[in-house]
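These are notes for a colleague who wants to check the local geometry of this model point by point. Please read them with the sequence and the coordinates open.

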Amino acid sequence: MNTTTLKQKFAEIFGTQQTPRVFCAPGRVNLIGEHTDYNGGHVFPCALSFNTYVAGALRTDGQVRLYSLNFEKTGIITADIQHIAYDKKQDWANYPLGVLAVLLKREYPLHTGVDLLFWGDIPLGAGLSSSASIELATGVAANHLYDLRIPNFELSKIGQEAENKFVGMNSGIMDQFASAMGKKGHAILLDCNTLSYQYAPLDLRGVSILICNTNKPHNLIESKYNERRAQSEHALKQLQSKLPIHALGELTEEEFEANKQLIQDPVERKRAKHAVYENRRTLLAAQKLQQGDLKAFGQLMNASHVSLRDDYEVTGQELDAMAEAAWAQPGVLGARMTGGGFGGCVVALVQDEAVEAFKHDVAKLYTARTGYTPDFYVASAEDGARELN
């Protein structure tokens, strides 16, 4: 949908003559570094060409009106700008309302209400961060409409706070950061402990990033995500009885192995092991990419999936079936689940000439095992949240 159509829909739905401004924020795919963000480790995402778009205009009263062309059945959702509260019945609208609530809490001058019309082409429930994308689209729209002058870096933290405190999903910073700070043609190596980051050129030389959607939807709030985070935090506390660390991501594999007996519960020990080893894999993968060693990068992706399956236990039947079908194909350098898990997508590095055969053969194997029909998208790294002129 182009910006002209979005503006026309805005006028129709809200019955206004005001000309809205249009903003967008991308989804993301994480190449490696899963469930490391809230464990103070590194992640390696890139922003995608799939976006949430929002047309917005300020009002003269205090009313907030929200409408999504993706969820037309919920109709227009309204709130008072000075009294925004979470309500499960508000469904998808809790994400943008959460961002406005955090801005108000931080005393940004949201002096009037606002009309916001959303439309997104990010596959929902696929683990490509449609929720973070909605938050950042709202953040960048509010930033420009109210002239708040907040850097995108800061908007990512506001989006995360909305997700953690307002929606109740205890996620790390990665999704919002990738959506806010994406750069065309680059992945981002982000240290989630310090928020220091560097851009890494995605020079893939005849290899495509293929996103393989299991079409098994996931709802992370109702999944085991918050439980995994609690297990990791408990393991960290036990390690801290002897080690002066703030996060699992600070440990090397050797330090972990020498001290793992401090973690009494064997399940929590496995969770911590994944966080430590996955962080080291991510740093090594970024280094291999820089050296142009895509084969080694792919092997690290495979090892990441195995760890997420066996130590963190967040894959499930569909993601495993997809990854295993991908590993069996010629021209595949590596494949792993991406996102929170429990459904969603696998990301694979596939040689360009093998892409079409890969889609055909993986779909056949995957459907035979699970009964679901998958979708495939070739990913490209794009810019982060911005206004569209």
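**Notes on burial, packing and enclosed space**

1. His186 is buried, its relative accessible area being 17%, where buried stands for under 20% relative accessible area, exposed for over 50% and partly exposed for what lies in between, with a 1.4 Å probe and protein chains only. The model is a predicted one, in which local features need pLDDT of at least 70 and side-chain atom pairs count only at pLDDT 80 or more, while totals for chains, interfaces and linings use all residues. Residues are numbered from 1 along each chain as its sequence is written, and side-chain values use heavy atoms, with hydrogens and water left out.

2. His186 belongs to strand β7 (residues 186-191); helices (H or I, at least four residues) and strands (E, at least two) are DSSP runs numbered from the N terminus. Apart from neighbours within four places in sequence, His186 is in contact with Cys46, Tyr199, Ala200, Pro201, Leu202 and Ala381, contact meaning heavy atoms within 4.5 Å. His186 and Glu382 are 196 residues apart in sequence, yet their C-alpha atoms are 7.6 Å apart in space.

3. The elements that give two or more residues to its lining are β8 (197-201) and α8 (266-290), and the largest share, five residues, comes from α8. By class, the lining divides into eight nonpolar, four polar and two charged residues, with Ala, Val, Leu, Ile, Met, Phe, Trp, Tyr, Cys and Pro counted as nonpolar, Asp, Glu, Lys and Arg as charged, and the others, Gly among them, as polar.

4. On a 1 Å grid over the protein atoms alone, a cavity is a set of points where a 1.4 Å probe fits but cannot get out, whereas a pocket is an open set with protein on both sides within 12 Å along at least five of seven lines, and lining residues have an atom within 4 Å of a point. A search of the whole structure finds one cavity of 30 Å³ or more, and the largest cavity has a volume of about 110 Å³. Of the 13 residues that line it, Thr52, Asn70, Gly120, Leu124 and Ile134 are the closest to its centre. Strand β6 (114-120) and helix α3 (130-145) are the elements that give two or more residues to this lining.

5. Helices α2 (residues 94-105) and α4 (residues 152-167) pack at an angle of about 105°, with their axes 8 Å apart. That angle makes α2 roughly perpendicular to α4, a label that covers 65 to 115 degrees. The residues of this contact divide into 10 nonpolar, two polar and three charged.

6. Helix α5 (residues 174-181) is mostly covered, as eight of its eight residues are buried.

7. Two backbone values deserve a look. Asp91, in the loop between β5 (77-80) and α2, has a positive phi of about 55° although it is not a glycine, and at 40% relative accessibility it counts as partly exposed. Glu313, in the loop between α9 (294-310) and α10 (317-327), has a positive phi near 55°, and is partly exposed with a relative accessible area of 36%.

Note on methods:
Axes are lines fitted to C-alpha atoms, for helices over the stretch in contact, and angles run from 0 to 180 degrees between N-to-C directions. Angles under 35 degrees count as roughly parallel, over 145 as roughly antiparallel, 65 to 115 as roughly perpendicular and the rest as oblique. Grid points are joined across faces, edges and corners, and a volume is the space filled by probe spheres set on the points.
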